[in-house]
Structures are given as C-alpha cells and as structure tokens.
Amino acid sequence: MMEKNKLKFSERIVWAIGQSSGRQFITALVSTYVLVFLTDTFGVPAGAAGVIMTVAAVWDAINDPMMGTLADRTKSRWGTYRPYLLFIPLPLSIVSMLLFAAPDLTTTGKIVYTAVLYICYGMLLTAIEIPYNALLPTMTKDETERNDTISLSTFIASLMILIVSSFTPNLVAVFGGDNPSKGYVILVGIGAVLMCVTSWIAFAKCKERYTVEKTETKSVGESLLTLLKVKEMYPMIGFWCVGCILFQIVMASSVYYCMYYLMNPALIATYMLVISVSGMIGVIVLMPVILRALKGNMKKAVTYTQLICIVCYAICFFIGNKSIPALYVLTFIACMFSTMTNAFRPMTVVGMTEYVLNETGDQMNGVISAIGGFSYKCGTAISNAMLAGVLAVTGYIANAIGGQPESAMIGINSVRFLVPLAATVLYIIFIQFYPEKKLHKNS
C-alpha cells in the first residue's frame, strides 16, 4: 500500500485532542486519586481495594483481547474503528461519575459497589481506547506523521495530568465543600463533557484510509495464535506494562508520600506540579531533541533517559524527607525523563502493528492496541494494588497524618522510589528486544 495523501494537520490535532483531553482527564483522576478516595473518603478497606484492582486486572487480561478482535472485525458504514468513538463516551462518563458517588452503604455494600463500577469502568475504557489507538495506523502509514501526532497527544495528556494531579484537592474542596464526593463527581463530570465532545469530533473528522480487507475469516483464537508466534511481542508486552507501572506508581504514591511520609498535605499541589511540569518539558522539548540526536533509535533513547531516572530515585529514597528543595530538584529531573514512557509506549505499539502486518500479513491493529491498552490498565491496577497491599500489611491508618507506624512510613517511601527504580531496570531490559532494525528494513 502506497501513501497517497499526507495526514491533514487538522486530523492530527483532532485525533490528539480526542485521545488525550477529556478521557485522559478522567483516567488521570482515577489512576491518581481513586485509591485515596476509596480508603480515606468512601471507607473501603485498603486490602479490599487492592483485591478489587487485582481482580479487575485479571478480567482485563481476558476482556481486552476479545475487544481487540471485535474491533478488528467490526464492519459499518462508519468504518471499522470509528463507531466506538460515537457510542462509548456517554456510558463511560456515567460510570466514571458513579465511581466517585460514595452512597451511604455498609462496608460490604461499599466493596461490592466499588468492584462492580471499577470493573465496568475498565471495560468501557477498553471499548473506546482500543479502537481509538487502532485508528491512527489506518489514518497514515508515515512513521514521522504518526510519531508527531503521538507526541502532540502526549503533550495534551501531560497538560491534563498537570491539572488533575496538581489541582484536584483544591478543586474538590471548591466544588464539594464539606462533601468531597460531590467535588469529585463534579470534577469527573467536567472531564466527561470534554471527552464526549472531543470523541464525537474525532469520529466526524478522522478518516480510515489504510485498512486491509481480509481475504479469509479467522477465528479469534486463530488470530491470537498467529500473533503469539511473533516472538518479539512477549518482551514488548512486558515493556508496555512496566512503563505504565513506572508512571502510575509515581502518581498514585505521591499523594500518600506528601500526606503521610512528609506529613504535609499542603505539599501535594506543589509536588504534583513539579512532576507534571517537568514531564511536559521532557515530552515536548527534550524527547524530540533526543530522538533526533539518536536518529530515532528507540533503544538508545529509552536506555539513556531511564538511567538518569534510576540515579534520581536512589538518591531521593535516602534524602527525600531531609531536604525538600533537593527532593523537588531530583523529582523534576527524574520526571522529565520518566514521563517519556507515556510516549514510548504508543510509539512502539504502533510500530508493532506495522511489524506484525509485515511478518504475518494480518492487520491486527485492534488486537495489538488491546494488548497495549491492557498493559496500561494492568500497570495502573498493579500500581494501585501494590500500594494498597503495602498500606495494608504495614499497618497504615487512614487519615492519621503524623500518626503512622514506622513500618507504614518505610513502605510508602519504598513504593514511591524503590519500586520505580526496580521497574526502570526492567524497562531498559525489555526495550532491547524491540525489533527496530527489522521494522525499518521492512518499511
């Protein structure tokens, strides 16, 4: 298939905004604040919250590939992937708002309520994320156009993350007053309106140009078996999952870190602002420079940038509560490079869709997007479950600022810095298996 039309700049903008504005606003709110909301506001025990998120991740392992194959097989007058941008945003909005509604229930009722809504939230998120990610490779086959579009999307996502992570406590207080749940619901509602509008615009403006007509009908099982024969997929799944853990564990643990380890909730907004602003600088300014300097070599880009993060994490573990200025500086440096994982993941997911097409002759955009999406949700679930588990086993006491046992303090500090350090090591190892040379050769 030869490229006949360049991707319009307006299509890049529309795809990027639809991908990373309202929906990213909601996912950032859930991934960063849902655990602290459940334990400190709704009253769900930390251990139960961790179990819910683990069960949801297990279900995603089954549900996501099914959704991917369904998306690849969808035939409609609107195309293969675009219909999902039209029908899914509204139900996802409703479920997301209910997740923070906090009705007056017994402890058992709260656990059941949270489990049902959290799993439904994950399924609906899958139903729009997979087709949305799979849409981009059908819009253009030009790698530079795709990467530029993803970079723009990552910048917008970083902006949403900055707003959510830095200002949520203040906005919840403004909107909810003495009722935090009301504040959260209103905040999610704002993101929901933005998600619906931008998704519907993307549905109208983005065009599927390069879909492959299937000459034979394969079952879901046969498609998955074909994909599993591509040995490079296995380390890449690990790469995508670990990359999500790297980002999500930082966001989820930082709230607890400021509140209970530094014992100063007032630092949350400033600390999260440091994380978000540095991440935006890293993605928009540093990453393009690094990729161009390394001639697009993804392996070197990941390795060099993440080694810097390892050094910063190690130092912060020991001096984090001894010098706030040093903590801010080291966090700023680390997050400039660690946030790049949000762009490396979709870039390599799109790269693998093209590689699999070249290797097998089958277009499996939806399935590979599903695996990439599952990795993201798996990383989020593992991060929250890990944090919840550590809180549960170390004797964490909800809302006890300055009254946490030493074991909980050590646990929170370890999750904030040692877990990302270990995950970064794995991240560097996994990227070495990316079939970069073969991909460029086939292209």
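1. Glu354 counts as buried because its relative accessibility is 13%, which falls under the 20% cut-off, and Arg146, at 5% relative accessibility, counts as buried too. In this predicted model, Glu354 forms a salt bridge with Arg146, and the closest N and O atoms of the pair are 2.7 Å apart. Distant parts of the chain are linked in this way, since Glu354 belongs to helix H14 (residues 341–360) and Arg146 to helix H7, 208 residues apart.

2. A salt bridge also joins Arg23 and Glu129, whose closest N and O atoms are 3.3 Å apart. Arg23 is in helix H2 and Glu129 in helix H6, 106 residues apart, so that this pair again links distant parts of the chain, and both Arg23 and Glu129 are buried.

3. Between Glu145 and Arg12 there is a salt bridge with the closest N and O atoms 3.6 Å apart. Because Glu145 lies in helix H7 and Arg12 in helix H1, the pair ties together parts that are 133 residues apart in sequence. Glu145 and Arg12 are both buried, and the salt bridges in the model come to five.

4. Helix H1 (residues 9–20) has twelve residues, which at 1.5 Å a residue should span 16 Å, and the 17 Å between its end C-alpha atoms agrees with that expectation. Its buried residues include Glu11, Val14, Trp15 and Gly18, and the elements that cover the buried residues of H1 include helix H2 (22–42), helix H6 (107–139), helix H7 (143–176) and helix H8 (180–205).

5. The largest nonpolar core has 139 residues, and those with the most contacts inside it are Phe100, Trp240, Tyr256 and Phe344. Helix H10 (residues 233–261) gives the most to this core, with 20 residues. Beyond its sequence neighbours up to four places away, Phe344 touches Phe239, Met287, Met298, Ala301, Val302, Thr305, Gln306 and Tyr427.

6. On the surface, Phe167, Leu273, Val277, Ile281, Ile284 and Val285 form a nonpolar patch with about 410 Å² of accessible area together, to which helix H11 (residues 267–293) gives the most, with five residues. Leu273, which lies in helix H11, is partly exposed, with a relative accessible area of 32%.

How values were computed
Residues are numbered from 1 along each chain as its sequence is written. This is a predicted model: local features need pLDDT of at least 70, side-chain atom pairs count only at pLDDT 80 or more; totals for chains, interfaces and linings use all residues. Side-chain values use heavy atoms; hydrogens and water are left out. Helices (H or I, at least four residues) and strands (E, at least two) are DSSP runs, numbered from the N terminus. The expected span of a helix is 1.5 Å times one less than its number of residues. Buried means under 20% relative accessible area, exposed over 50%, partly exposed in between (1.4 Å probe, protein chains only). Contact means heavy atoms within 4.5 Å. A nonpolar core is a set of buried Ala, Val, Leu, Ile, Met, Phe, Trp, Tyr and Cys residues joined through side-chain atoms within 4.5 Å. Patches are made of residues with over 30% relative accessible area and no salt bridge: like charges are joined within 9 Å, nonpolar side chains (Val, Leu, Ile, Met, Phe, Trp, Tyr) within 5 Å. Accessible areas come from the Shrake-Rupley method with a 1.4 Å probe; for residues, only the protein chains shown count as cover. A salt bridge is a side-chain nitrogen of Lys or Arg within 4 Å of a carboxyl oxygen of Asp or Glu.
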